[in-house]
Amino acid sequence: MEMIADILLAAGALGAGFYCFVLSRRLSKFTDLENGVGGAVAVLSAQVDDLTRTLDAAQSAAGESSEALESRTQRAEDVAKRLELMLASMHDLPAADAPAPEKEAEPMFFRHPRSGVSG
């Protein structure tokens, strides 16, 4: 009976060893940096780094564009105020400075002298 228990114990140990060997090979394929999940994680990590740099560049460009737009908007508002003042001052000018329209000639009517009318 002890011999059968030893044989079963040895068979169980060999089975567990084979199972560990199979798991080891699967795990090494799983964590392979070129084809497995490790490779996918490495690629995703590189993409995250690239996206972070791109996002930083986009944020700085947007900040610069915002500052430029703000300054141009301020300039446009200043010019609009000056134009409003100029238009308001144009209403204050006297109308005498405007050139007078040319006077139209009045039509001339001549009376025909009638013959034989005493007058």
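The following legends describe close-up views of a predicted model.

**View 1. The chain as a whole contains two helices and zero strands.** Helices (H or I, at least four residues) and strands (E, at least two) are DSSP runs, numbered from the N terminus. Of the 119 residues in the chain, 3% are buried, where buried means under 20% relative accessible area, exposed over 50%, and partly exposed in between (1.4 Å probe, protein chains only). The chain exposes about 11,700 Å², and carbon and sulfur atoms supply 63% of that area. Accessible areas come from the Shrake-Rupley method with a 1.4 Å probe; for residues, only the protein chains shown count as cover.

**View 2. A salt bridge joins the side chains of Asp50 and Arg53.** The N to O distance is 3.0 Å. A salt bridge is defined as a side-chain nitrogen of Lys or Arg within 4 Å of a carboxyl oxygen of Asp or Glu, and by this rule the count is one. Both residues belong to helix H2 (residues 37–91), where a spacing of three residues separates them by about one helical turn. Asp50 is partly exposed, at 40% relative accessible area, whereas Arg53 is exposed, at 53%.

**View 3. Leu27, Phe30, Val37 and Val41 form a nonpolar patch on the surface.** Together these residues have about 370 Å² of accessible area. Helix H1 (2–30) and H2 are the elements that give two or more residues to the patch; Val41 lies in helix H2. Patches are made of residues with over 30% relative accessible area and no salt bridge: like charges are joined within 9 Å, and nonpolar side chains (Val, Leu, Ile, Met, Phe, Trp, Tyr) within 5 Å.

**View 4. The side chain of Ser60 reaches the backbone oxygen of Ala57.** The distance is 2.8 Å. Ser60 is found in helix H2 and is partly exposed, with a relative accessible area of 40%.

**Notes on the model.** Residues are numbered from 1 along each chain as its sequence is written, and side-chain values use heavy atoms, with hydrogens and water left out. In this predicted model, local features need pLDDT of at least 70 and side-chain atom pairs count only at pLDDT 80 or more, while totals for chains, interfaces and linings use all residues.

Note on methods. Polar contact = N/O pair within 3.5 Å; in protein donor to acceptor, adjacent residues only side chain to side chain.
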